[in-house]
Amino acid sequence: MSSAPSSITNVTDEWPGWSQIFETLTFQAGFNTNLVIVGTSLLGIAAGIVGVFALLRKRALMSDALSHATLPGIGLAYLTVTALGGSARSLPVLLTGATITGVLGVVCIQLLLRHTRLREDASIGIVLSVFFGVGIVLLSVIQSMQTGTAAGLNRFIYGQTAAMSMSDAVLMGAIAMLAVAATVALLKEFALVCFNDAFATVDGWPVSFIDLLMMALVVLVTVAGLQAVGLILVVAMLIIPAVSARFWTQRLWVLVVLAALIGGASGYCGSVMSALLPRKPAGSVIVLTSGVLFAVSMVCAPQRGVIAMSIRQLRVRLRIAGEHLVEAAYEYELEHDAALQRDILRAVARRRAWPAWLGSVIVWWARQRGLIRGDSGGAIALTDAGRRDGARISRNHYLWEQYLISYADIAPSHVDWSVDQVEHVLSDALIDELEAALRKRGVEIPQFQAVRT
Amino acid sequence: MNEAMHNFLSIDLLPMLAGTLAAVTCGLLGNFLVLRRLSLMGDAISHSVLPGLVMAFLITGMRSPIAMFGGAAIAGVVTVVLVELVKKLGRVEPGAAMGVVFSVLFALGVLLIERAAARQVDLDADCVLHGQLETLFWFPPGDWGQLFSFTTLSEVPRQVVTLIVMTIAAVVFVALLFKELRIAAFDPALATTLGYNAGMLHYLLMIFVAAATVASFEAVGSILVIAMLVCPAATARLLTDRLRSQIVCSVVVAGVSGIGGYVAATALPAAFGLEAVNAAGMMTVVAALLLVIAIVFAPQRGIIARRLHQRRLGRTVALDDMLAALYRLEEAGTESVDKAQLATLQRGHKADHALDQARKQLLVASVSGAIQLTEAGRAAARQIIRRHRQWERYLVDQAGFAADHVHEPAEQLEHINSAAVQRNLAAATKQASVDPHGRPVPNNNGDDDPESATH
């Protein structure tokens, strides 16, 4: 394949035909292209899996610093090899240099954390920018040497699968598979250290060694991904699949599998796109694909997704409002021995700051549950079930109020509002405890009649 | 005006000025980021202004500075809002949330650049990263008199003018809102209760960071922005504990990095007959060197200062322990020891040095090899033993230690030599005259209280 363009601006893309798109998608576009696509997909899978542990160890941005710190290594390796008269385009040599300075960067972060008062964010920012700055200086030195091959180093910044040779793709795929194999083999140990490293230490596991292995895998994937995704965006390949997968599950192995799938899919899409539009930086496409998957996960996931959480929250709010209505009706009935009249209901709504539409929704909710029935003249009459509920809530309210007054020293005139929020979430066990605590203080607990007398 | 001067003015002055101004602006704003542990927010914003810039280009179709600032400010705020959203709604850890947001936005920016390129808008992702200081060029007038005339100054490249305006804006921002920024940096909750809107201030700061990024990016690139947002503030943080001096210090460090970096990038390679290297990159290197110097040599927090302090402390402890050992021997009836015996008593310490020190301070005297306490040495030792036994008393009576477990902690605590601790300790132990093992606690006056020995 041709060498990378010197700048990614001199581009005029033309969309390929449908047949070409189909061929590329289904691995019929030639051996070389297929190799790149497979390699990048494998890399996506490996990054997804390794990223899970980086995320669980809260090392998302540490990986960012690591990837930025590879640039001076690439420059140094290039300069060294050129000075020795070797072929500076040899990928393994450049990647070795990248690994060395990448690791050095991580070590520097640790040193800064240990020997200065600087926090993690500042340490990461320092290492990231300084190493990258050194890299830029080295690149400008290389450019000024005018050996003609220097421009190719840019591909490590933005990623360019189109510039990959066959052996490059094989190397990347091999590293990715190695990372996957190592993670699968050590899944149990990694999980242990991620979730409870103190226990792992006590249990005799070599925690720092396992931790080091996890970090080494991150280094491996980062270095392998440099050429495909570029060092600015390789961090996204590590963390986005893991963060997205986290929305869907609480189980580690499901998390790992999902992250692998998301990473693999992103890698596949990115490299296909890059094969079709040779000068599209594959890194951007890969990251945007996983970004879309992230957005979908964050919005749609069944338990932790935004939609699911909003629905849950709405339900709870509606239930609380409905319970307030039932409570008000119960107390009114107790006092006046009559159904809650419409104007009283309006007063309740005003006190709760319910807009008119919400008031009707709440009445609808309570009727749906069989707690109230519409009386003649628009009054709210409780059913037996509603009366039971009202008695329960009213009693909870009383218990918590008394507890706050007798135990938390809150003035009786100040308790009502805070109790309004708590009375709906008291569990049975907590109520038993409250009763016991109040009896100990000698507080009388009156009967809350559930049956109309 | 001679030719060298003219060359300097036309070739070197503006890049150096631009780099230094960018460094100073970012260094100034960075103080508040570092204090609020938001250093990486600067990193995130400087990556994610890219799509904002490109959008502004694509919409307006030109490189107008106002559109650029608008686009970047919007992108900056969008970044902050998105990070907050992902953090809160998605319950994602802050670092990961930042990583997700800025990498996706940056990727979007890189792709958008292609659209821009297809429409012949001149934008280059490389230039965004490492800048094009070298392209800043100026045609200064032939003599000094016209240097500050209107026509000359109006020919100063737009990037430099933008940076000058930005620097002034940042200085005014920090000067006007210094009090509010300070409170918000150290205690956002307090700021809110005092009636400052800490959230608004946060967004305002982020907008300034975004604006500084844009103002800098054409000239120096975003990598210098990230470095200058963190390094000078971090350096200053190691040198001082006061915010005012930290800010002054960081601005000086940033300025030195800017000028020094430029010189190092141009003059240094030229001295070896090489071509100039990337100046923005070199500025980050100089900033890093200054940081390393601060880490090693800072007067109180530097590695050397801390090592020296530790060594002094170690020597004091060794001396204290030696005096205490001699005192205990005297108590047991041994008036003097020889050097070998002393060495075995000084577990883990370098006995020689402590002995030299003690001799020099006339705390011990050795008469033909027999070492014994002098009067002054005995008084000093009494204080140490007094502290030791009072601590033992305190640990048993007040902290619930068993009597046979207090020697080791007291061995450490006895070296705390503070009048206030001393007073409180004496009060807490009710001036007890014996330690938990029944040995007398020496009193403060120096004369042995015969009563205490009998208890």
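I start with a working rule: two residues are in contact if their C-beta atoms, placed from the backbone, lie within 7 Å. The model I have open is a predicted one.

**Entry 1: around Met228(B)**

With that rule I looked up the partners of Met228(B), setting aside neighbours within four places in sequence. I found Ala22(B), Ala23(B), Cys26(B), Gly27(B), Gly30(B), Ala254(B) and Ala287(B). Next I asked which core Met228(B) belongs to, and found Met228(B) in the largest nonpolar core, which has 214 residues. Met228(B) is listed there among the residues with the most contacts inside the core, together with Ala22(B), Ala46(A), Val50(A) and Ile239(A). Another core, of 20 residues, lies apart from that one, and I noted Tyr327(B) and Ala354(B) among its members.

**Entry 2: chain B as a whole**

I counted 20 helices and 2 strands in chain B. Of its 455 residues, 45% count as buried. I also checked the contacts in chain B with a separation of 6 or more: residues 24 or more positions apart account for 69% of them.

**Entry 3: where the chains touch**

**Entry 4**

Chain A is divided into domain 1 (18-301) and domain 2 (305-453). I find their C-alpha centres 55 Å apart. The contact between them takes 5 residues of domain 1 and 4 residues of domain 2. On the domain 1 side I see 5 nonpolar residues, with no polar and no charged ones.

**Entry 5: helix H11 of chain A**

I followed H11(A), residues 207-229, from end to end. Its 23 residues reach 31 Å from the first C-alpha to the last, close to the 33 Å expected at 1.5 Å a residue. Where does H11(A) bend? I place the bend at Val223(A), by about 25 degrees. Gly230(A) follows the helix, and its phi is positive, near 90 degrees.

**Entry 6: Ala176(A)**

I found Ala176(A) in helix H8 (residues 166-185) of chain A. Is Ala176(A) buried or exposed? It counts as buried, because it has 30 C-beta neighbours inside 10 Å and the cut-off for buried is 20 or more. Not counting residues up to four places away in sequence, Ala176(A) touches Leu42(A), Leu43(A), Ile45(A), Ala46(A) and Ala224(A). I also checked Met166(A), 10 residues away along the chain: its C-alpha is separated from that of Ala176(A) by 15 Å.

A reminder to myself: most residues other than glycine have a negative phi. I noted Ala353(A), with a positive phi near 60 degrees. Ala353(A) sits in the loop between helix H16 (342-352) and helix H17 (356-368) of chain A. With 7 C-beta neighbours inside 10 Å, Ala353(A) counts as exposed.

I also noted Arg91(B), whose phi is positive too, near 50 degrees. Its place is in the loop between helix H3 (65-89) and H4 of chain B. Arg91(B) counts as partly exposed, because it has 13 C-beta neighbours inside 10 Å.

Key:
Residues numbered from 1 in each chain as written. Chains lettered and ligands numbered in written order. Predicted model: local features only at pLDDT ≥ 70, side-chain atom pairs only at ≥ 80, totals over all residues. Core = buried A, V, L, I, M, F, W, Y, C linked by C-beta atoms within 7 Å. Buried ≥ 20, exposed ≤ 12 C-beta atoms within 10 Å, placed from the backbone. Domains from an automatic or database assignment. Nonpolar A, V, L, I, M, F, W, Y, C, P; charged D, E, K, R; others polar. Helix = DSSP H or I, 4+ residues; strand = E, 2+ residues; numbered from the N terminus. Expected span 1.5 Å × (residues − 1). Bend = angle between axes of the 7 residues up to and from the residue.
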